[in-house]
Amino acid sequence: MLAFKIYVTFLFALTGAVMGSFLNCWAMRWKEGERYPRGRSRCPKCGHTLTAFELIPLLSWLFQRGRCKSCHEKISVRYPITEALGALLFAAAYLRFGLTLYTAELTLLFAALMLLSFIDYDTMLLPGAPMLVALAAWLAFLPAHGDWKARLVQGLATALIVGAAVLAVSLAMDKLLGKDTMGGGDIKLYALTALYLGPWGTLLAVLLSCLLGLIFAVLSKRKGSPFPFGPAICAAAALTLLFGDPVIEWYLGLL
Ligand SMILES: [Zn+2]
């Protein structure tokens, strides 16, 4: 049984790493104006088409010591980081929720959140297409939830309330500070993740996103310039979905 669990965890991690790698490449090409990735993977510096051996997640980067085999230019550490992120998210979803439809639903959401984070990090934009994918996944998997009517009503109500609340706060902040504080994409992203999180999860995730946003802003080297908030919203939602239940139960126990 343990051997099986380790094997399936490995498969999820591998799928997640491949997905993280693909989504990172998609985001990098998105930045260049290519909306959908076409053609074989290539070195962004010299254009060398990558061979199968150079496409192994994480390992290729390690074996080549972070350099392109053809031009020996440094390969951004962003590649192994996004691959490791995908591996961790997918493996965690399986370890937390097993071989269930909910795990499948979460991996789809995580893929959309990764793409949104990468694109927002590069361009300060949150495109609608990945959000629509996450919305479609939420709707498609509704019947798989035993309490699907409650999930539908709670999800929609939470999304509306959170969307309106964040909009109100950001408008007030804009007035107060005299500049745009939060983009419309961030508000949509809060509403979208609220569908998955439900009321208590959303409360926890909103608090966590502010904390993470602060940490990311301090760690980032973009001093003074606008900072993308999408990655913090996505990370907070993923962490809450994976590990938030004990925190929420503890909090509700206090009430
Ligand atoms: Zn190269």
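Predicted model: local features only at pLDDT ≥ 70, side-chain atom pairs only at ≥ 80, totals over all residues.
Residues are numbered from 1 along each chain as its sequence is written, and side-chain values use heavy atoms, with hydrogens and water left out.

Start with the layout. Domain 1 covers 1-99 and domain 2 covers 101-255; these bounds come from an automatic or database domain assignment. Their C-alpha centres lie 24 Å apart. At the interface, 22 residues of domain 1 are in contact with 19 residues of domain 2. Contact here means heavy atoms within 4.5 Å.

Now the area. The size of an interface is often given as the accessible area lost when the parts come together. Between domain 1 and domain 2, about 1,800 Å² is buried, and carbon and sulfur atoms give 79% of that. Buried area is the accessible area (1.4 Å probe) that two parts lose on being put together, summed over both. W30, L89 and F97 supply 31% of what domain 1 buries against domain 2, more than any other three residues.

Polar links cross the interface too. The rule finds four residue pairs in polar contact between the domains, both residues at pLDDT 80 or more. A polar contact is a pair of N or O atoms within 3.5 Å; within protein, one must be able to donate a hydrogen and the other to accept it, and residues adjacent in sequence count only if both atoms are side-chain atoms.

Which elements give two or more residues to the side of domain 1 that touches domain 2? They are α1 (2-31) and α3 (78-97). Helices (H or I, at least four residues) and strands (E, at least two) are DSSP runs, numbered from the N terminus. Helix α3 gives the most, with eleven residues. That side of domain 1 divides into 14 nonpolar, five polar and three charged residues. Ala, Val, Leu, Ile, Met, Phe, Trp, Tyr, Cys and Pro count as nonpolar, Asp, Glu, Lys and Arg as charged, and the others, Gly among them, as polar.

Look next at R78, in helix α3. R78 is buried, at 16% relative accessible area. Buried means under 20%, exposed over 50%, and partly exposed in between (1.4 Å probe, protein chains only). The side chain of R78 meets that of D122 in a salt bridge (2.8 Å, N to O). D122 is partly exposed, at 22%. A polar contact of 2.7 Å also joins the side chains of R78 and N24. Leaving aside neighbours within four places in sequence, R78 touches residues including A27, M28, F118 and Y121.

A second salt bridge to find is D245 with R96 (3.4 Å, N to O). The pair links distant parts of the chain: D245 sits in helix α8 (residues 230-254) and R96 in helix α3, 149 residues apart. D245 is partly exposed, with a relative accessible area of 34%. R96 is partly exposed, also with 34%. Elsewhere, salt bridges that share partners join R29, E34 and R42 into one network. The whole structure holds six salt bridges.

Finish in helix α6 (residues 148-177), the place of A165. A165 is partly exposed, at 39%. S170 is in helix α6 as well, but counts as buried at 5%.

How values were computed:
Salt bridge = Lys/Arg side-chain N within 4 Å of Asp/Glu carboxyl O.
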